[in-house]
Amino acid sequence: MHLPDTSNEYIVIPLFETVVFPETRTKLQVETAVGEALIAALKSDGSASAVGLTAKTDAEPSENPADAFYSAGNLLSIAHVQPADDGYLVFAHATSRVKITTLTEKDGQFYAISEPLPDVPDLDEEGRAEMLTDVKAAVHELSDNFQGSEQFTRPVDRMESVDQIMGFVMPFLPVEVEQKQSLLEITSVRERHAAFLRLLLDLNESINLRIEVARKASEKVGKANREAMLREQLRVIQEELNGCDGSSGEENYRERIERSTMPEEVRKKALAELKKLESGGSQHHESQGIRNYLDLLLDLPWTVEKKSIDIEEARRVLESNHNGLEKVKERIVQHLAVMKLKEEKQGSILLFAGPPGTGKTSLGRSVADALGREYVRISLGGVKDEAEIRGHRRTYVGALPGRIIQGMKRAGTMNPVFVLDEIDKLAVSYSGDPASALLEVLDPEQNSTFSDHYLEVPYDLSDVLFIATANSLATIPAPLLDRMELIEISGYTKNEKFAIAKDHLLPETFEEHGLTADHLQVEDEAVSAIIDRYTREAGVRTLKKQLARIARYVSAKVVSGTVDLPVVVTAEMLPEILGRETVRPDVARKENPPGVVTGLAWTPVGGDILFIEGTFMPGKGKLTLTGQLGDVMKESAQISLSLIRSRLAATTTGFDFFASDVHIHVPAGATPKDGPSAGVTLFTALASLVTGRAVDPTVAMTGEVTLSGAVLPVGGIKEKVLAAHRAGIRTVILPRENERDLEDVPEDVRSDLTFTTVETIEDVLREALGIELHGPVLPYVGKNRCVPVHDL
């Protein structure tokens, strides 16, 4: 047989309580350093070899590393290495026996120089065939003592050499390591095969004797003694086969439970589960589940370490991590001040609601940094199973605790900052309503005894600072919303976006792409142009993506060496890097024709402007509404038309309401729209249509109208004003009762806009169309015309 070259120095894989035989494939658990060394060899040469050496069990301490190992081992051809929980798993093929000539240790890793340990071919082909037949018969005879032996003997029947059978069978035999090693070191083929056969025959006699003794003993003892004896025999066999670690695990659990700080009720539960584990034994079908449960109880934090809240430090962290959002940061600081004064329980429940990309999740991390607490985040988007919150009952196979308890285990403390991300995107299914399960988690009156189905004991969440995030409040159930303190986060202004880009986004982008100021510089004009022409959002997520595109563009140039450094990106270079401008201005018309008016809308991603278009045609007085309008918006259109007919009949000479159909359209047609805040805009569009007067395209408006002509306040004023400012609007008409909401609008935006407040539709007509209405409401006379009351 051709032997591979063994003259090189090989990595040594230490083997404990096991011996590998040639012509076998094996899987070995190795330490991290050994695994990384083998991976490096595989990457560099495409293949790797190592020497497997069995460690001596009774070796005396010595300065010579060779004294700790047997001198004979196997040359292993490494096929694959993969990470494992504690080191690496190595898949290898034992190719041949070797003898170690030199063994050295470098940085805790052993290396060996070996020479071949060839077989002495003292058995001819006929003798080998006879020995193979005898060995197979002995294996069959030994296996007959066990149930399911066919799965063991079937591979043996297909093997063509005694050495193959030896490598396959030896790991399963209750034989001392020294005896296995001595069998490996026999070079004479005849002697090695004969020794293996004698070993099989001796084991068969020993097992038969044990079976006979056990049978006779079982006839003399009672049921309890027989069960105890069988368990003891099973324990001994498992130890021989290296299949278990004896009773040390249970004893370790008891010691850990006694040392832990868990409440007395939880301790009693843990000890009861441990008693079941001890009585059932390691092979009981529930043993692994009980171990997992005890591990969870021991890993969960049960006591809280109080930390003083430094308000000034919290303010400093929030200011350094976040530009803008001044009112939001002040609200957070105020909330932390209350927590500082309320010393007995330092938990709380906040809800950050606002458009995507406005920093809600990062605010949660900043709060954790400011308080010096652990930070845990779970995403609730798409979660539709109540068990995700409360866990599965332990009667189910593969049961797990809920995400809340898993998060507390990861935190390792009872008072972390716990972020519940995307709480507005919870779903409902046949598996239950996770939003209802969160009611207990987020209720300060109940969460001190939170019940997880898997945990089965109360857990105190009252010291946790929960921070939920959401884009929209509409999808959050009212009882859940009522349990959280709402802090609304609006979109950023252009100046705030510019500051965020300069202070945070550009440094982060440089670091992520391996760039520095020596490679890339982005001019201020370019940043402003990106904000205006390539992003359309309330937050800064798209802005960061565009900056990343610039960084990738420059990275490619730097690597290719085709540019002089540093690369200075100007506004004129953006079309080459980012392509054509992606943002179309909302106010694209230089002037609006009669019947077209600019309105303001609120969306879950921030404010926006919309155009309401009206036209008329010969007909029978029918009103047509298009643009995917909801029921409330349709009713606003009906109210507006009724107001036009009642208030403007005398000023619309030549317009016959009963002989004309009116069509109102709200682009974009594919976007659903609803709500009462477009009432003022719908009324103004109809007034512009019937009077033939155009509305200034730089004027935008919002507000609800009633059938009596009053203008009612609406929500989302800050987002709507920011959208108007982004779109180039100069004048905003809004309800008078919303004037106080302008305090939330940044000063630089307020200074650029003119605000006109209105209380009635007469005010709207005067400000938007320059129409002054005088006199009482006009009644209808006849079929097609109206006249003033004083003319009747």
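The model is predicted, and local features need pLDDT of at least 70, side-chain atom pairs count only at pLDDT 80 or more, and totals for chains, interfaces and linings use all residues. Residues are numbered from 1 along each chain as its sequence is written, and side-chain values use heavy atoms, with hydrogens and water left out.

Five strands form an open sheet in the order E8-E9-E12-E7-E13, with parallel pairing. Strands (E, at least two residues) and helices (H or I, at least four) are DSSP runs, numbered from the N terminus. Two strands pair if DSSP finds at least two bridges between them. Strand E8 (375–379) and strand E13 (485–488) are the edges, and each pairs on one side only. Neighbouring strands are turned by 20° against each other on average, direction ignored. E8 pairs with strand E9 (residues 417–421) in the parallel sense over five bridges. Val376 stands opposite Phe418 in E9.

Two helices pack on this sheet. H13 touches strand E7 (348–353), E8, E9 and strand E12 (465–470), and its direction makes about 165° with that of E12. Helix H15 (residues 403–411) touches E8 and E9, and its direction makes about 155° with that of E8. Axes are lines fitted to C-alpha atoms, for helices over the stretch in contact, and angles run from 0 to 180 degrees between N-to-C directions.

H13 (residues 360–371) also meets helix H11 (residues 311–321). Their axes come within 9 Å and cross at roughly 145°. Glu313, Ala314, Val317, Leu318 and Asn321 in H11 meet Leu363, Ser366, Asp369 and Ala370 in H13. Contact means heavy atoms within 4.5 Å.

The largest nonpolar core has 51 residues. Such a core is a set of buried Ala, Val, Leu, Ile, Met, Phe, Trp, Tyr and Cys residues joined through side-chain atoms within 4.5 Å. Buried means under 20% relative accessible area, exposed over 50%, and partly exposed in between (1.4 Å probe, protein chains only). Ile332, Ile550 and Val569 have the most contacts inside this core. Beyond its neighbours within four places in sequence, Ile332 is in contact with Leu318, Phe352, Leu363, Val367 and Ile487. Another core, of 50 residues, lies apart from it and includes Leu277, Ile349, Phe418 and Ile476.

Ala694 lies in the loop between helix H23 (679–691) and strand E20 (699–701). Ala694 is partly exposed, with a relative accessible area of 44%. Ala694 and Gly595 are 99 residues apart in sequence and 7.0 Å apart in space, C-alpha to C-alpha.
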